[in-house]
Amino acid sequence: MAMLLSEKQITQLKRRVKETPHPREMILDVLHAIQDANGWISEEGVELAAIILGLSPLQVEEVATFYDKLYRRPVGRKVIHICDSICCWSRGSETLMLRLQQLLGIAPGETTADGMFTLLPTCCLGACAEAPAVRIGKTLYGNVAPEQLEAILDSERAEGQL
Amino acid sequence: MNDVLLTIILIVIKLGLVLGTVLSLAAYMVLAERKVLARMQMRHGPNRVGPFGLLQPLADLIKLLCKEDLIPERADRWVFMLAPAISVGTALLAFAVIPFGAPLQIFGRTIELVICDLNIGLLYLFALSSLAVYGVALGGWASQSKFALLGGLRAMAQMISYELALGLAIVPVVMASKSFSLTAIVASQQSLPNALRHPLAFLIFVIAIMAESKRTPFDMPEAENELVAGYHTEYSGMRFGMFFVGEYVNLIVLGSMLTVLFLGGWHGPFLPSVGWFLIKILAVAFFFIWVRGTVPRLRYDQLMAFGWKILVPLGLLNILVTAVWLLWRG
Amino acid sequence: MPTLIIDNLTVTVPEGTNILEAARQLGIEIPHFCHHEALGSVGACRLCAVEILAGPVKGIQMSCMVPAKDDMVVDTCSAEVLAYRAQVIEWLMINHPHDCPVCDEGGECQLQDMTVAGGHGIRRYSGPKRTHQNQNLGPFISHEMNRCIQCYRCVRTYQDYCGGTDFGVLGARQRLYFGRFNDGPLESPFAGNLVDVCPTGVFTDKTYRFKSRLWDLQEAPSICPHCSLGCAVIPGARYRELQRRRARTNKRTNGHFICDRGRFGYGYVNHPDRPRHPLVGHRRVTWQEGLAALQNKLQELGELFGAGSIGLLSSSRATLETQFLTKRWATSLGSDQVCFEAHPVRDQGARVAASQPLDRSASLEDVRNCDLAVLIGADPLSEAPMLALALRQAARRGARIVVADPRPVVLPMACERHAVSTDKLARLLRGLSRPQQSALPASLEELGGSLSQALLSARSPVLIGGTDLLGPQGILALLEAAEACSQPEHPCRTMLLLGGPNSFGGALLSADGPGFDSLLEGMEQGRIKALLCFEADPLADFPDRKRIRAALSRLDLLAVFDCAATATVQEADLFFPTTAVEESTGTLINNEGRMQTFEQVLSAGTPIAESAGGSHPPRFFTRDIPGTDPQPAWGTLGALMGRCADLGALRREIEKADARFAGLSLLDANGEGRRIAIPRSRPVALQPAVANAVAPDQLSLLVTETLFGSELLSSLSPCLQEAIPAPFVMLHPQDAMRLKLEEGKKVTLATPLGDLTLILRIQQDMVPGVAIVPRLRGTALESLVPGSEPLPCRIEKA
Amino acid sequence: MSLWRDIKGTIQPFWVTLRYLFCRPVTICYPEQKQTPAPRYRGRLILTRDPDGEERCVACYLCSAACPVDCISMQATEREDGRRYAAWFRINFSRCIFCGLCTEACPTLAIQMTADYELATRELLQVVYEKDELLIDGCGKNAQYNFYRLAGIGVAAPRGANPGESPPEDIKSNLP
């Protein structure tokens with residue numbers, strides 16, 4: 001379990017938890033730390049977070065399963081989030097989704113065979129002004145046209161393989 | 001000495017014959033009524049006991065005898081127990097004066113086919129049929145039941161009302177035949193039955209005896225849908241059976257009265273006189289059953305109004321007309 | 001106090017009342033799911049919509065979220081509102097599995113009621129239904145997530161009200177899942193309340209699974225007999241079998257909920273080993289024969305040795321009526337050897353508790369509303385679980401909870417915990433009552449000072465203590481401390497945890513009569529030749545089992561009247577079966593002095609399931625129903641005294657005999673009960689406690705109650721067996737280290753009562769120098785009884 | 001005119017009854033002649049099985065609740081696979097009034113009425129039917145209906161595999 005985070009990280013997080021008035025405030029930070037280190041949060045990840053936070057695993061799991069950008073199932077190296085909320089949808093996010101499925105050869109929720117990309121719809125990226133928006137890894141792409149997708153994917157793949 | 005003995009023997013034989021006939025006739029009248037009513041309603045009627053259900057009366061008798069004889073806790077025991085006997089007794093006694101055939105000539109003796117030829121036979125008959133109301137009224141009263149009491153009261157009121165019409169209907173017949181003896185009345189009808197001579201009286205009489213026998217459409221005392229079973233609600237077993245038998249014996253008595261007074265008694269062509277008498281009684285009985293199968297029950301106030309407001313005045317008028325006619329004819 | 005009009009009726013309600021509750025005061029029930037009186041409103045289910053025609057807000061509003069204001073005009077069933085509700089219901093039913101026939105909630109399901117009331121009959125939505133996998137939530141609760149309507153009542157009950165942390169809401173949106181992180185039993189001792197609060201069949205009682213429908217159950221208002229709090233319950237029975245208990249609302253005591261011990265401890269009523277027939281020796285006899293044998297023997301003994309040779313013992317399980325008649329019968333026999341508790345410490349403790357003026361005694365409602373609760377020698381979750389829940393409500397309102405105890409007291413919320421050894425508890429209390437002249441040891445000085453200050457400055461403080469640990473002296477000290485810490489306008493209330501559901505009644509009746517030790521001495525000296533036990537189990541309840549066994553064996557006659565197969569029943573010369581609480585009527589007085597009556601739920605009899613062997617009930621007819629011999633103990637006593645069995649007359653007689661029971665005959669089992677009239681304040685003569693000498697290399701052995709397995713009746717309940725822990729001993733890490741023992745390993749506990757092999761648990765929060773074992777009936781720990789002076793003991797590796 | 005009508009109205013019924021006196025009775029003489037009851041005739045009750053051959057009855061107690069004469073009693077229990085069924089089921093036909101309310105109440109179409117009306121006996125216990133006498137081997141009416149395939153609780157098929165159900169939700173899924 002300790003392999004999920006380094007000893008140092010764990011002590012650091014524990015210290016930060018102690019400093020906050022209520023450990024619940026730190027749940028997201030701990031979970032993000034685990035996700036950043038492992039790509040996703042496994043059962044052990046939740047249990048580790050519970051130990052760090054001094055909460056029950058259930059209390060951590062409540063948060064972990066609530067947010068769609070905390071991954072409780074294995075994902076690829078880069079996760080593609082396509083916003084399908086009203087603004088993006090009205091500006092063609094459906095087309096983007098279809099195009100991406102075509103390009104990657106996977107259905108939403110699946111990971112490419114090389115473990116590079118996971119395709120996920122999401123309900124909002126907070127980028128309504130730049131609709132349609134796509135987030136790949138930690139990069140946000142606004143005003144995406146279907147034609148741009150191939151180039152974006154190529155650059156992201158290149159970056160991911162480094 | 002010998003003569004007296006013979007007379008007594010004859011009377012006993014007649015009594016036996018008449019009682020036997022009347023009682024078995026009453027029993028089969030029940031069966032006949034059930035059968036005829038059933039056929040009128042497109043049913044079979046009793047057909048399980050014996051061929052065509054002919055042993056049904058026997059089965060009924062056995063059943064009634066075997067049933068528990070219930071006496072309500074707060075009933076007037078003795079009156080309650082005696083009331084059915086009054087009902088049957090009066091009906092049977094009435095038969096004493098009814099001439100059921102022309103006098104027979106056997107071994108040189110003339111045997112009157114009547115148990116006792118009273119010269120005031122008609123009055124006797126009336127007296128007994130009026131007494132019959134005691135059985136009903138006392139039975140209803142002694143049961144300590146509201147239904148029975150109401151039934152008894154109704155029976156009393158109804159019988160008193162229709163007795164009057166009955167009496168008034170007979171007066172023309174007596175006036176015409178100038179006798180109270182039933183034999184004489186029958187004799188006077190040799191040429192023409194009174195029914196044709198006094199049609200109005202006949203009509204009133206028929207209606208009145210229907211009411212007298214408490215049969216539809218005048219069966220107010222035992223109106224099932226209001227009074228459960230009226231005056232005999234609380235009776236069971238053979239006591240109930242006695243009321244029942246009494247009712248049918250009464251039907252025969254009234255039928256014979258109708259026969260004697262209006263239908264020419266035993267007179268008739270071809271057949272022996274007793275035969276004619278029986279046929280006429282049965283015809284009357286059939287008519288009664290037919291009425292029961294056809295006419296619905298009257299309302300109680302209609303019943304009383306009909307008796308007092310129509311039958312009684314009509315009867316009086318009829319007497320008047322008859323009297324005038326008799327006077328005019330001298 | 002706003003006045004408003006609801007459905008053309010005017011009502012005035014306190015400030016802050018919402019429209020839903022205002023309407024309820026008028027008798028108008030607005031349909032709702034998520035609102036619950038104890039949990040409050042969240043406005044999640046959208047069903048309680050009403051139309052507000054005039055007032056600060058208008059239009060369709062959720063009645064649970066809108067506080068009543070002056071001049072509001074509300075229409076609870078306008079056409080628009082009805083259509084709205086019908087739509088809400090239809091939405092809620094979209095994913096419902098429609099499995100009512102195989103759902104235990106059927107018949108008492110709010111969703112069913114609302115669906116029918118909302119006029120939704122045919123499912124119009126033809127899309128697929130969402131499904132979920134269920135979890136195994138342990139022996140008490142069944143889980144069926146497909147039926148969920150996401151009202152959040154369960155989470156609000158479990159996490160917010162009861163303080164459980166292992167159950168919650170997972171996922172988001174359409175996928176909401178109410179469950180645990182993994183399969184496993186729910187940890188909260190109040191988990192059973194999920195059954196009551198769930199408006200549909202997601203959580204159902206596993207022990208009652210597929211047994212009956214509500215409409216077939218015989219139900220009556222009753223009292224939980226498993227601790228001294230006297231919580232209101234509604235047991236349900238069918239086919240001569242007690243099948244479940246659910247919570248009844250009594251705002252003065254338990255509120256809306258009950259603990260799992262109360263909910264699932266009912267099984268003793270149907271226990272297959274329950275003795276149901278009078279026995280002479282071990283031979284089954286009729287009541288007449290049995291009673292004749294008893295009376296002959298008593299007469300014989302009375303003639304030979306005098307009436308003083310007959311001792312009578314009742315218990316805290318017996319009803320007030322039984323206790324009263326026990327005393328009456330003793331008087332009529334001419335014996336003064338009558339007592340009401342076989343455990344001397346609990347007996348004396350209850351007598352001290354009952355001898356004080358009751359105006360300071362706190363109800364659970366007072367605890368819920370307090371702003372400071374100090375628990376000294378009280379372990380609520382073990383001794384009186386609902387007190388823990390009441391304390392949590394106080395803590396949620398911001399109250400400070402302080403615990404001073406040698407044991408690792410666990411409460412369902414955060415609290416200040418001070419490990420104080422047993423002998424120091426009474427000194428701490430004495431220090432509180434006499435702060436000026438206190439001679440507190442240095443380690444307690446700070447705590448004592450701050451507590452005393454806090455109690456004096458709190459608005460509504462409550463001082464809570466348990467008889468087992470404090471003993472009569474401690475209880476007396478606690479009462480004095482409360483007195484000393486009271487301000488005229490802010491009295492310090494007290495709550496004392498007693499031994500059983502009617503300890504208080506027994507204490508009131510015994511006054512300064514003899515205790516069980518004096519009866520025991522009489523038995524040992526041969527003065528007492530006969531002991532009559534009315535629902536009492538001296539063999540298991542008296543702390544020194546060897547001594548009591550020897551004393552009982554000297555008796556000429558041991559007659560036992562009981563409803564369970566207790567240890568004493570095995571030894572009895574004469575046995576008479578009595579009814580369980582649910583099988584008769586009676587009165588119990590809880591730890592705050594509240595008289596509460598309970599009604600008969602079912603008639604005693606062998607359950608059909610048992611007598612028919614699980615198959616069709618018998619196809620022959622008999623006049624006798626099997627197993628109907630048990631009689632209420634007060635009825636049997638009445639018969640022995642030649643009285644007619646008229647409960648009303650008996651209650652009037654009790655009222656007349658003792659003014660403190662005034663109002664007993666007027667009690668309504670459905671009501672809130674009635675505090676007994678204030679008793680005469682009379683000091684109780686206390687014997688000084690004899691402390692056992694503990695050598696420096698020894699540990700002192702402390703026996704405590706546990707949630708499951710300590711209380712007699714609930715420990716007999718088959719469905720609780722799974723929850724009863726394996727025998728263990730708790731040690732402080734210091735001691736464990738000194739003795740080189742490890743957590744979870746088997747150890748040998750050497751006590752003067754014998755050697756035991758137990759599992760070791762290491763607990764941080766307890767006092768060092770003490771070994772703590774739970775009382776677990778029917779296990780190796782059977783003979784260890786709480787409430788006695790700590791024994792010296794040694795622990796070694798097994 | 002009205003008098004004439006009254007007289008006619010009095011006389012005519014006599015003719016009617018006389019005519020019917022000579023009509024053939026419509027009565028069916030029962031033990032010798034038997035009548036074929038209508039398919040929906042409300043006769044003896046049975047318990048049917050679903051198309052898979054399992055007992056349809058889930059012992060939900062609705063029939064006993066609906067029964068106006070309390071002639072149905074049962075005890076529900078659970079099979080290992082979670083199927084609810086009746087441990088015992090008893091109908092006392094000496095009480096039954098054949099009103100059919102139980103069949104209307106039955107949510108699983110298990111209890112059904114048959115056309116068998118020949119139940120009369122002198123031995124009272126012979127008309128107290130137990131489950132083995134009530135349970136038939138067929139589906140009775142509504143042969144296609146299978147309650148457990150429509151109630152989404154995963155007994156007849158795994159959860160989510162019944163018609164009209166989506167597969168069980170995975171709360172840990174990354175898909176929103």
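# Close-up views of a predicted model

**Figure 1. Polar contacts between chain D and chain C.** Between chain D and chain C, 21 residue pairs are in polar contact, both residues of each pair being at pLDDT 80 or more. On the side of chain D that touches chain C, the elements giving two or more residues are α2 (62–66), β2 (72–78), β3 (84–92), α5 (147–150) and β6 (165–168) of chain D. The largest share comes from β2(D), with six residues. By type, the residues on this side of chain D are 23 nonpolar, 11 polar and nine charged. The model shown here and in the other views is predicted.

**Figure 2. Extent of the contact between chain D and chain C.** In this view, 43 residues of chain D are in contact with 37 residues of chain C. The two chains bury about 3200 Å² between them. Of that area, 54% is on carbon and sulfur atoms.

Figure 3. Strand β6 of chain C, residues 129–131, is joined to β6(D) by two bridges. The two strands run parallel. Opposite C:K129 stands D:E165, a residue of β6(D).

**Figure 4. Salt bridges between chain D and chain C.** There are four salt bridges between these two chains. One of them links D:E78 with C:R209, and their closest N and O atoms are 2.9 Å apart. The side chains of C:D104 and D:R84 also meet in a salt bridge, at 3.5 Å from N to O. C:D104 lies in the loop between α2 (79–92) and α3 (110–117) of chain C, while D:R84 lies in strand β3 of chain D, so this pair joins two chains. Are C:D104 and D:R84 buried or exposed? C:D104 is buried, with a relative accessible area of 5%. D:R84 is buried too, and its relative accessible area is 0%.

Figure 5. Over all chains, the structure holds 70 salt bridges. The one in this view is formed by A:R72 and A:E43, whose closest N and O atoms are 2.8 Å apart. A:R72 lies in the loop between α4 (57–64) and β1 (78–83) of chain A, and A:E43 lies in helix α3 (residues 43–53) of chain A. The pair therefore ties together parts that are 29 residues apart in sequence. A:R72 has a relative accessible area of 1% and is buried. A:E43, at 23% relative accessibility, counts as partly exposed, because buried means under 20%. Salt bridges that share partners join A:E43, A:E61, A:R72 and D:K172 into one network.

**Figure 6. A salt bridge between chain A and chain D.** The side chains of A:R73 and D:D170 meet in a salt bridge, with 3.0 Å from N to O. Where do A:R73 and D:D170 lie? A:R73 is in the loop between α4 and β1 of chain A, and D:D170 is in the segment after β6 of chain D, so the pair joins two chains. A:R73 is partly exposed, with a relative accessible area of 31%. D:D170 also counts as partly exposed, at 28% relative accessibility.

Key: Residues numbered from 1 in each chain as written. Chains lettered and ligands numbered in written order. Heavy atoms only, no water. Contact = heavy atoms within 4.5 Å. Buried area = accessible area lost by both parts, 1.4 Å probe. Polar contact = N/O pair within 3.5 Å; in protein donor to acceptor, adjacent residues only side chain to side chain. Helix = DSSP H or I, 4+ residues; strand = E, 2+ residues; numbered from the N terminus. Nonpolar A, V, L, I, M, F, W, Y, C, P; charged D, E, K, R; others polar. Pairing = 2+ DSSP bridges. Buried < 20%, exposed > 50% of the residue type's maximum accessible area, 1.4 Å probe, protein only.
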